[in-house]
Amino acid sequence: MTHRDPRLDSMSFWQHDYGHYSPNGPLKEDLKVDVAIIGGGFTGLNTAWQFKRDNPNARVVVLEAAVIGFGASGRNAGFSTRLFGLEPEMVLLRWGKQKLIDAHHYLDKAVAHTKDLIEAQGLQSDYRHTGMVRISYSGKQMGRLQKTHELLQQLGIAGDLTWQDKSRVQQDFHSERFTGGIYESNTGNLNPCKQVRELKRLAESAGVSIHETSPVTDIERTASDIVLKTPGGKITADKLVVATNAYSRQVPDTRRLQNRQYPLWTYQVVTERLTAEQWESIGWKDRQAFGDNRQLLHYYRPTADGRIVMGGGNAMVYRTPAMDEVSSPMSWQHCEAHLKWIYPQLKDVRIAYRWGGPVSVNVDMVPEISFVDDERIIYSGGCFGHGVALTHLNGRTIADLLDGRKTELTDFWIVNRKSISMPNDTLSFVAGRVARRALQAFDWWEERSLQGR
Ligand SMILES: Cc1cc2nc3c(=O)[nH]c(=O)nc-3n(C[C@H](O)[C@H](O)[C@H](O)COP(=O)(O)OP(=O)(O)OC[C@H]3O[C@@H](n4cnc5c(N)ncnc54)[C@H](O)[C@@H]3O)c2cc1C
């Protein structure tokens, strides 16, 4: 009897819905390459493709422990968003005005880059450039959202944002819960599992070698090269990219990465397909995505086949490595209840699938692309729940770094910065729980006028 690796089973709705997928075989020989990449998600595959395009004669290999898109890249909600770290106010407070503006421009470029890539390469990932509305439910949330809008206007980065009052959002979404929002037109959403597997196709067509079910179990560095061991063979590389995001704590011989980020689990649900009458009852004709401006935000989007994917509202800190799957019935119940609180019209709609995944969080609350010890090893992490567009552009940025090129992208301030180290595991766990409680309390306070409604 053959033993099936449980990590190959469907983990998200997108992976499940994709249908049959045959992973590439594991590495079964020893190879010498120019660039090795650990991790077959958006970061790893974009980097591989961009670098190989720039250097057609280079030998480039991607090693993925499970299957392409096993991690956050195959599980996320698919928002190609400009969100960066936490709220803009937090980035402003911690990093200052100019860095907030620069981050906005990088993310603006990231969304455009992702859209252009999909269009130019004909990637079949159900991309829709329909924008997103940031919604408020209470007077307090709306006051804060208005202040955010004013801040972005003062900084000159509110170009595509429009304020929408209560009657406008209720007219669009047919939900009495909405009191106002900001519409940003220049963002989109996609099917993440289709996208990541299209990126695999693209990278392979350029000549990148991809090995799935090939966990890197050991990394050895010498003055001349870097040797990666997997169960079936080893790779000797000139340069290495550690594209493991929330899984970075378990990558061997990256002690310096151990305390740079922590996996935080978030959860999502998807409904069954809505009937034409159900869609009619909730409006939402333009099929734009929306999210609320709570601290523990909820996000909503339609799928190409007429369902609603929604998630958030809670986030869990665990002491286990990110690779261990952890379910959270409480979070799923919360998601379903929130969907039906917004849309009582959908009270009989069934939840068809539930899943979750780890996002990478660090103390500074912003992403990093950095060198580990020397410039031969590049690490990317700390993308929070906003890595879809970001990791696509990061792939371009990392390809420039691998080539030793100084470009506008490599000048972005998250490049070659080192996030502050986390305290030990127990303290990080406790700090994570305390932070979660504080955010929950903040949301309770802003929404207390809604209780019982
Ligand atoms: C539930 C959820 C919802 C999200 N929603 C959104 C959203 O709507 N919009 C948005 O912008 N962002 C969202 N994100 C965040 C976004 O998905 C991530 O930031 C992004 O996908 C990270 O991509 P990555 O390639 O860096 O990492 P990953 O996709 O996590 O890839 C890392 C890979 O490394 C592999 N790996 C780990 N260790 C090893 C090893 N030792 N050897 C070989 N391979 C290894 C893993 O198996 C994994 O496949 C969400 C994330 C989650 C979890």
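**Reading strand 4 and its surroundings**

Modeller: Strand 4 and strand 6 (residues 180-184) pair in the antiparallel sense over five bridges; strands are DSSP runs of type E with at least two residues, numbered from the N terminus, and two strands pair if DSSP finds at least two bridges between them. The model is predicted, so local features need pLDDT of at least 70 and side-chain atom pairs pLDDT 80 or more, while totals for chains, interfaces and linings use all residues. Residues are numbered from 1 along each chain as its sequence is written, and side-chain values use heavy atoms, without hydrogens and water.

Biologist: In which sense do strand 4 and strand 13 pair?

Modeller: They pair in the parallel sense, over four bridges, strand 13 being residues 289-292. R134 illustrates both pairings: its bridge partner in strand 6 is I182, and in strand 13 it stands opposite G291.

Biologist: Which way do the residues of strand 4 point?

Modeller: In a regular strand the side chains alternate between the two faces of the sheet. Here M132, R134 and S136 point one way, and V133 and I135 the other way. Five of the five residues in strand 4 (132-136) are buried, where buried means under 20% relative accessible area, exposed over 50%, and partly exposed in between, with a 1.4 Å probe and protein chains only.

Biologist: Is N293 buried or exposed?

Modeller: N293 is buried, because its relative accessible area is 1%. N293 lies in the loop between strand 13 and strand 14 (298-302). Beyond its neighbours within four places in sequence, N293 is in contact (heavy atoms within 4.5 Å) with R134, I135, S136, Q141, R144 and L145.

Biologist: With which residue does R144 form a salt bridge?

Modeller: Side chains of opposite charge can pair when their charged atoms come close. The criterion for a salt bridge is a side-chain nitrogen of Lys or Arg within 4 Å of a carboxyl oxygen of Asp or Glu. R144 forms one with E446, the closest N and O atoms being 2.6 Å apart. This pair links distant parts of the chain, with E446 in helix 12 (residues 425-447) and R144 in helix 5 (residues 139-154), 302 residues apart; helices are DSSP runs of H or I with at least four residues. Both E446 and R144 are buried.

Biologist: How many salt bridges does the whole structure contain?

Modeller: A search finds 34. Among them is the bridge between R405 and D403, at 3.4 Å from N to O. Salt bridges that share partners join D54, R396, D400, D403 and R405 into one network.
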